[in-house]
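Please open the model in a viewer and follow the stops below in order. Each stop names a selection and then states what is found there.

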Amino acid sequence: LYSVAKHNLPIKMAIMNDGRQQMVYVWQKLFFDKRYIATSNANPDFCKMAAAWGIPSVWCDHEESLPKAVEKWLSTPGPCLAEFQVVPDICLPMVAPGKGLDDMIINHDNNMNSVRILSYVPKDAQAPS
């Protein structure tokens, strides 16, 4: 934030705050017998952190207010930080510990109880950059 403020960089920063380390939580649920450790966050107020550096911010905690929050965030001249309070969800695709890209998990049920494994990835497949 210091560098952004010092150089008045015209970038938009988005924080999707689900209150925990969701990808780690999902790994612990799916692959480590639900032995959860260090996945809950006590996050700071990111908007106040931005304000401390003179960076404007937007905070959104309801889907109904999302369009106005995004509009304000994107239309603010110069840098702007947006903190979106989101519901934790599984992030796919993912690769299980010790597995290769050809064993990628690409689908799940809503309770993360069953997953579908991609059985074949073409050898010329490229990861997004």
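## A helix across the sheet

Begin by selecting H4, which lies across E1, E2 and E3 and runs at about 160° to E3. Contact means heavy atoms within 4.5 Å; axes are lines fitted to C-alpha atoms, for helices over the stretch in contact, with angles from 0 to 180 degrees between N-to-C directions. Helices (H or I, at least four residues) and strands (E, at least two) are DSSP runs, numbered from the N terminus.

The model is predicted: local features need pLDDT of at least 70, side-chain atom pairs count only at pLDDT 80 or more, and totals for chains, interfaces and linings use all residues. Residues are numbered from 1 along each chain as its sequence is written, and side-chain values use heavy atoms, with hydrogens and water left out.

## The sheet

Next, select the three strands, which form an open sheet in the order E1-E3-E2 with parallel pairing; two strands pair if DSSP finds at least two bridges between them. Strand E1 (12-17) and E2 stand at the edges with a single partner strand each, so one side of each has no neighbour in the sheet. From one strand to the next the twist averages 15°. E2 and E3 run parallel and are joined by four bridges. Within this pairing, Cys60 stands opposite Phe84 in E3.

## Aromatic pairs

Rings of Phe, Tyr and Trp (its six-membered ring) pair if their centres lie within 6.5 Å; planes under 30 degrees apart count as stacked, over 60 as edge-to-face and the rest as tilted. The count by this rule is four aromatic pairs.

Select Tyr2 and Trp53: the ring centres are 5.3 Å apart and the planes stand at 70°, so the pair is edge-to-face. Tyr2 belongs to helix H1 (residues 2-6) and Trp53 to the loop between helix H3 (46-52) and strand E2 (57-60), 51 residues apart. Tyr2 is partly exposed, with a relative accessible area of 45%, and Trp53 is partly exposed at 44% (buried is under 20%, exposed over 50%, partly exposed in between; 1.4 Å probe, protein chains only).

Move to Trp73 and Phe84, whose ring centres are 5.8 Å apart with planes at 80°, so this pair is also edge-to-face. Trp73 lies in helix H4 (residues 66-75) and Phe84 in strand E3 (residues 80-85), so the pair ties together parts eleven residues apart in sequence. Both Trp73 and Phe84 are buried.

## Helix H2

Finally, select helix H2 (residues 22-31), whose buried residues are Gln22, Tyr25, Val26, Gln28 and Lys29. Just after H2, Asp33 takes a positive phi of about 50°.
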